[in-house]
Amino acid sequence: MSQQEHKLAWHRRLAMYWVDHLRQLFASLGELWRTPLSSLMTIAVLGVSLALPASFYVLLKNAESVSQFWQSKAQISLYLRQEAEPAQVTDLQQRLAAMEEIDQVSYISPEQGLADFSGAAGFAEALPLLEDNPLPAVFILNLSETGRAPDAAELLLADMNAEPAVANARLDMAWLARLSGIVDLLRQAVIGMAVLLLAGVLLVVSNTLRLNILNCRYEIEVMKLVGATDGFIQRPFLYVGLWYGIIGGLLAWWLTLVMVFWLSHKVNALAALYQSNFHLLGLGMRESLLLILTGTLLSLLASGFSVRRHIRAIEPG
């Protein structure tokens, strides 16, 4: 055989290898339709098992979005001493603006504070009777992303209370700590729930293929008698597991999409009551592909373990 004929034969063997795999891939899809009720039940269980952690992830994603929104409103109010010198106030303002924990510094003079209080409280006629303005000057500090962390905010609050020109510094630390704790708890719950449900996916696929192999036990014994290798016998079952994962992942994505669509109207109505334009976030393109890929890989993993173990155990009598 010449080198060109040998090269052509190599390419032909490679092409036939892939053609054979594609043929068995689509033939295994036909196997699902031969037992429609069993296949649909398995796919439904896989879809729900994958949709639940995906739904919990959507819940966590929206909780983190709400947390970031409320943390962005975190402010420290610095009430300055009445006897503070203008130079002290100017120096403090410059140092505050240079801190990375602070995103924006707003100054409210005693006169502006009194005018705002008068308009908000409706005491416009009574306030002029006061001999002196009792309100101090105030700095409003909008915290940056670095300063919103509970530990960083508490340390900054202590530093501000130590400033000579500051009479009192205030920040409601309790709600920041509670909000951060709730999100952390939800994150851990989502991880734990996802691990349990994804383990369920492995068990369902593994047990389903085990039953399929036992139903084909006599055919497998005959194939081994005529010289078929374990790899050749395993291939159709592995492709069945692959289809379980792909279709189950698509079903999980659809169920998650329906859940987000169903809840979005209620969430929008609730947000409108709080004068907020918050919208429920769903799965993005990358997250959707990751969900389908996760289902496919888990199904293949379970298929490989179950098929190799049970086919290897079958020997012609």
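**Salt bridges, a ring pair and a helix face**

Tutor: By the rule used here (a side-chain nitrogen of Lys or Arg within 4 Å of a carboxyl oxygen of Asp or Glu), the count comes to four salt bridges. This is a predicted model, where local features need pLDDT of at least 70, side-chain atom pairs count only at pLDDT 80 or more, and totals for chains, interfaces and linings use all residues. Residues are numbered from 1 along each chain as its sequence is written, and side-chain values use heavy atoms, leaving out hydrogens and water.

Student: What makes arginine 95 and aspartate 91 a salt bridge?

Tutor: Their side chains meet at 3.0 Å, N to O, and the rule asks for within 4 Å, so the pair qualifies. Both lie in helix 3 (residues 86–97), four residues apart, about one turn of the helix. Helices here are DSSP runs of H or I with at least four residues, strands are runs of E with at least two, and both are numbered from the N terminus.

Student: Which other residue forms a salt bridge with arginine 95?

Tutor: Glutamate 163 does, with the closest N and O atoms 2.9 Å apart. Arginine 95 lies in helix 3 and glutamate 163 in the loop between helix 5 and strand 4 (166–170), so this pair ties together parts 68 residues apart in sequence.

Student: Why is glutamate 163 called buried, and arginine 95 partly exposed?

Tutor: Buried means under 20% relative accessible area, exposed over 50%, and partly exposed in between (1.4 Å probe, protein chains only). Glutamate 163 has 14%, so it counts as buried. Arginine 95 has 34%, so it counts as partly exposed.

Student: Why is the pair of tyrosine 107 and phenylalanine 139 called tilted?

Tutor: A search of the whole structure finds one aromatic pair. Its rings are 5.2 Å centre to centre, with 55° between the planes. Rings of Phe, Tyr and Trp (its six-membered ring) pair if their centres lie within 6.5 Å; planes under 30 degrees apart count as stacked, over 60 as edge-to-face and the rest as tilted, so 55° gives tilted.

Student: How do you know that the buried residues of helix 5 line one face?

Tutor: In helix 5, Pro150, Ala153, Leu156, Leu157 and Met160 are buried. Seen down the helix axis, they fall within an arc of 130° (taken from the directions from the axis to the C-beta atoms), so they line one face. On the other side of helix 5, Asp151 and Leu155 are exposed.
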